[in-house]
Amino acid sequence: MKLHIENVRHSFEGTPALAPTTLDVEEGAFVSIVGPSGCGKSTLFNIISGLIRPTAGRVLLDGRNVTGTTGHVGYMLQKDLLLPWRTVTENIVLGAALHGRVSRRDREEAIALAERYGLAGFVDHFPHALSGGMRQRVALMRTLAFHKDVMLLDEPFGALDSQTRLRMQQWLLDVWADHGRTILFITHDVDEAIFLSDRVHVMSARPGHIRASFEIELDRPRGFELLTSDAFTELKKEILNLIYSETLKQLEREGEAA
Amino acid sequence: MTRVRLRGSLQILLPLLLTAAVFGIWDLVVRVFDIQPYVLPAPRAVFSQIGTDWDVLQPAMFQTIEEFVIGFAVGVACGFVLAVAMGQSRILQRGLYPLLIASQAVPIIAIAAALVIWLGFGLTPKIVIVALIVFFPVVVNVLDGLTNVDRDAIALARAMGANDFRILLHIRLPATLTPLFSALKLAATFSVTGAVLGEWSASTTGGLGVYLLEQNSRLNTAGVFAAILLLSAIGIVGFLLVAGAEQLATPWRTRPTPRRLPFRRSRGVRGRAVPASIKGGSS
């Protein structure tokens, strides 16, 4: 098992945010997590990345306990967080810069990545000169160039328009196929989760835990025609029903509290 | 001439034309209302005063420039270091902020008198006054820059395993450049006032401020205006230098790519084989 999350739970100042959660991710898998907003998805990611030390539980990476320590996984957010004063190349090598020195090889690799993934003419551009989709691609290249087997992507395409989003999803699958990393992907878009993943985990309302898991046994490589196929629609119906019931629960609970 | 170049030269030409217009109106007003030279001299009289008194004015101007430049540098350096220190420690920030505000609330003239007692009549009290005026906007703006960095950007760097020093170096400090230059542009014009105030309170060695007072006591208004013109020139040149430095230091605000330095031209990578580590398996 590449990543093993064992009974991890977390409370913020006594308020439970994440109920005990256990999750296993196989090497090279593409795994999505969907769930109602505020269910603790991002808290889970912050725990895996080591930014938060969980109230209880362990995170094992390749069998090694990495709970509460940083620098083991790649992380990408909805905001691209590109540094405006760094060019595309310099942003891609940020991981190396934050660990001391950027070698010539790091730079060459960054330029090669940018050229391979359609930003050949932009390696020396500042982020402000790029479109939203391009910026998000640079952010993913920065995550790739950090050279960690596991990448956490927290709604990376959430801020993009739907056309750009479709292209980015397709592109992400290409990148994943090229690099064979293990990807954990948070989204609230069920289509996106099914289209991309080997497995989709549905989280419950706050405090969240894994409510159900779905194997997505759709053939790869996947194309856009998949989005309208019967198998896809069937899965989507099932997952949406589950999320909808969780959202209702959440609303009822909030109604009681009010 | 292309449109861009036309606009570029217009940007320089327009302020020059307007300045000329101001002098023109000034001259006209003096003529039409027959104003006495000791009330308001004509621009010609001021320029000829600068010409005839250049032997005195030139060293005075250099003196004032010296106070301006050294005071500016000291003020910026102190302000920047203080802001970074305060940005790193919440306790330091809480403790020092009221003191900082107090230092600005006390009239600078009052401090100037005390400074003469402590530091004498030399260059030092003038530098201190200029520095005192400069450093406050620098502290406030740099501190703003340090604290307004996107928390997620810092979280990302931390997730990548960066320590506090690298986060400061690569994320927080570069974010201060834009607000720093806003402060420097303000400071460049304040500094001249600071230098003159310093000279007025401790005036044994001459500068333009001293010259101005002397001419004033002789009712030589042309001399007063000569000093005023040169002081404004120092302020304007200071401002332009800061604005130019800003262009060089923060190219991402105005340009799509960095300025290409001649020795950096060869990237020497395009066309070379892709390193094996990122070469894709499929496609």
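Start with helix α6(B), which is mostly covered: 19 of its 25 residues are buried. This is a predicted model. The helix covers residues 123-147 of chain B. From first C-alpha to last, α6(B) reaches 36 Å, close to the 36 Å expected at 1.5 Å a residue. Yet α6(B) has a kink of about 25° at Phe135(B).

Now turn to chain A. How many of the five residues of strand β7 are buried? Five of the five are, so β7(A), residues 150-154, is largely enclosed by the rest of the structure. Look at its two faces. On one side sit Val150(A), Leu152(A) and Asp154(A), and on the other Met151(A) and Leu153(A); all are buried.

Strand β6(A), residues 74-76, runs parallel to β7(A), and three bridges join them. Here Tyr75(A) stands opposite Leu152(A). Strand β8(A), residues 182-186, also runs parallel to β7(A), with five bridges between the two. In this pair, Met151(A) stands opposite Ile183(A). A helix belongs to the picture too. Together, β7(A), helix α6(A) (residues 162-179) and β8(A) make a right-handed β-α-β unit.

Finally, see where the chains meet. In chain B, 28 residues are in contact with 34 residues of chain A. On the chain B side, α7 (151-159) and α8 (164-172) each supply at least two residues. The largest share, seven residues, comes from α7(B). What classes of residue make up this side of chain B? There are 16 nonpolar, eight polar and four charged residues.

Terms used: Residues numbered from 1 in each chain as written. Chains lettered and ligands numbered in written order. Predicted model: local features only at pLDDT ≥ 70, side-chain atom pairs only at ≥ 80, totals over all residues. Contact = placed C-beta atoms within 7 Å. Helix = DSSP H or I, 4+ residues; strand = E, 2+ residues; numbered from the N terminus. Nonpolar A, V, L, I, M, F, W, Y, C, P; charged D, E, K, R; others polar. Expected span 1.5 Å × (residues − 1). Bend = angle between axes of the 7 residues up to and from the residue. Buried ≥ 20, exposed ≤ 12 C-beta atoms within 10 Å, placed from the backbone. Pairing = 2+ DSSP bridges. Right-handed = clockwise from strand over helix to strand, strands pointing away.
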